[in-house]
Amino acid sequence: MSQASRTRPSGSGTALSEAYDTALLDLDGVVYAGGRAIAHAVDSLGAARDGGMHLAYVTNNALRTPDAVAAHLTELGIPAGPTDVITSAQAVARLMADQLPAGARVLVVGGEGLRVALRERGLVPVESADDDPAAVAQGYGGPDMTWGRLAEAAYAIRRGAPWFASNTDLTIPSARGIAPGNGAAVEVVRIATGAEPQIAGKPLPPMHRETVLRTGAERPLVVGDRLDTDIEGAFNGGVDSLLVLTGVTDAALLLAAGPEHRPTYVDADLRGLLTGQPEVTRAGDRFGCRDWSASVRGEEMVLEGDGDDVFDGLRALCGAAWSYAGDGSCGLDAGKALARLGL
């Protein structure tokens with residue numbers, strides 16, 4: 001089934017860790033949240049790695065360096081080296097180096113991860129719009145980034161400097177909930193300048209290019225929690241994806257997904273890497289997944305059955321919702337059906 005025509009999640013007769021050679025794992029909301037490992041992440045990734053799957057960590061968060069991310073993962077019990085980490089800072093640095101002369105000065109509005117990535121590409125980070133920067137690079141600077149940093153970006157852009165952004169995620173998961181992400185700060189600069197940045201991170205091609213170049217993956221599986229970055233990035237790259245519901249996407253958003261936001265597989269968490277995936281079948285207007293079946297009646301989605309795995313029920317509902325919506329987004333009422341599943 002092509003991604004463009006996906007009307008239900010796919011099945012897999014073998015564990016996903018065996019069907020794909022490389023897992024391209026998002027970090028925030030998938031492996032950890034607020035710096036703490038998400039339930040089942042450590043054991044699941046260890047089992048996948050021991051079974052021969054290559055694990056690569058692909059994040060839109062440009063704040064930390066690959067060394068720092070790898071050290072954090074190792075502390076959590078997930079052995080990793082800096083070459084296992086691909087960041088949007090690296091993607092935007094390559095994008096800028098392709099357009100700027102070697103040694104060009106770049107105004108950095110972000111964290112150390114962005115500065116290190118720019119230096120690796122032969123660019124020189126500077127801190128002020130008065131340093132005559134050739135361009136502006138903006139990435140997530142953490143919760144303590146000041147308003148003055150955004151002002152520096154605005155000054156330089158209004159003076160004619162081209163603007164690059166590592167990513168435009170509006171939110172980022174934290175230990176206390178959902179916090180503003182780099183996309184929120186990009187919007188502030190956009191409002192102040194009227195300019196539009198070149199964007200490198202997921203779901204856009206520069207990030208996919210960076211990931212493929214650094215991992216050499218032949219049969220990659222994108223694993224993420226966000227429809228508009230992880231899953232859309234997989235769609236744009238023509239590769240399969242696994243959505244886990246441990247981050248910002250909930251079941252209702254999944255059912256409403258348009259074609260570019262529909263994952264190949266759906267599971268609760270990273271334990272989904274270690275198992276096969278059940279088939280979603282269709283009989284007329286009914287979609288079944290093991291002991292559950294879903295259909296559309298009027299303006300409401302209806303779920304029947306009583307299986308042990310509520311995610312089988314969600315998969316069946318995806319089939320009904322996505323088929324009904326076709327190339328659009330499903331706006332049917334799924335409240336009662338999801339309540340039955342506790343989702």
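**Entry 1: V296 and its sheet**

I looked up V296 and found it opposite M301 in β19. I worked on a predicted model, in which local features need pLDDT of at least 70 and side-chain atom pairs count only at pLDDT 80 or more, while totals for chains, interfaces and linings use all residues. Residues are numbered from 1 along each chain as its sequence is written, and side-chain values use heavy atoms, with hydrogens and water left out.

I then traced strand β18, residues 292-297, which is joined to β19 by six bridges in an antiparallel arrangement. Strands here are DSSP runs of E with at least two residues, helices are runs of H or I with at least four, and both are numbered from the N terminus. Two strands count as paired if DSSP finds at least two bridges between them.

The sheet is open and has four strands in the order β16-β17-β18-β19, with antiparallel pairing. Its edges are β16 (281-283) and β19 (300-305), each of which pairs on one side only. From one strand to the next I noted an average twist of 25°; axes are lines fitted to C-alpha atoms, for helices over the stretch in contact, and angles run from 0 to 180 degrees between N-to-C directions.

Helix α11 (residues 310-325) packs on this sheet and touches β16, β17 (286-289), β18 and β19. Its direction makes about 30° with that of β18. I took contact as heavy atoms within 4.5 Å.

**Entry 2: N167**

Where does N167 lie? I located it in the loop between β9 (163-165) and β10 (171-174). N167 counts as buried because its relative accessibility is 2%; buried means under 20% relative accessible area, exposed over 50%, and partly exposed in between (1.4 Å probe, protein chains only).

I found side-chain to side-chain polar contacts from N167 to S166 at 2.8 Å and to D169 at 3.4 Å. Such a contact is a pair of N or O atoms within 3.5 Å; within protein, one must be able to donate a hydrogen and the other to accept it, and residues adjacent in sequence count only if both atoms are side-chain atoms. Leaving aside residues up to four places away in sequence, N167 touches N60, S88, N182, G183, V186, I199 and G201.

**Entry 3: the whole protein**

I recorded 12 helices and 19 strands for the protein. Its C-alpha trace spans about 65 × 45 × 35 Å along the principal axes. Of the 343 residues, 55% count as buried. Among contacts with a separation of 6 or more, 69% come from residues 24 or more positions apart.
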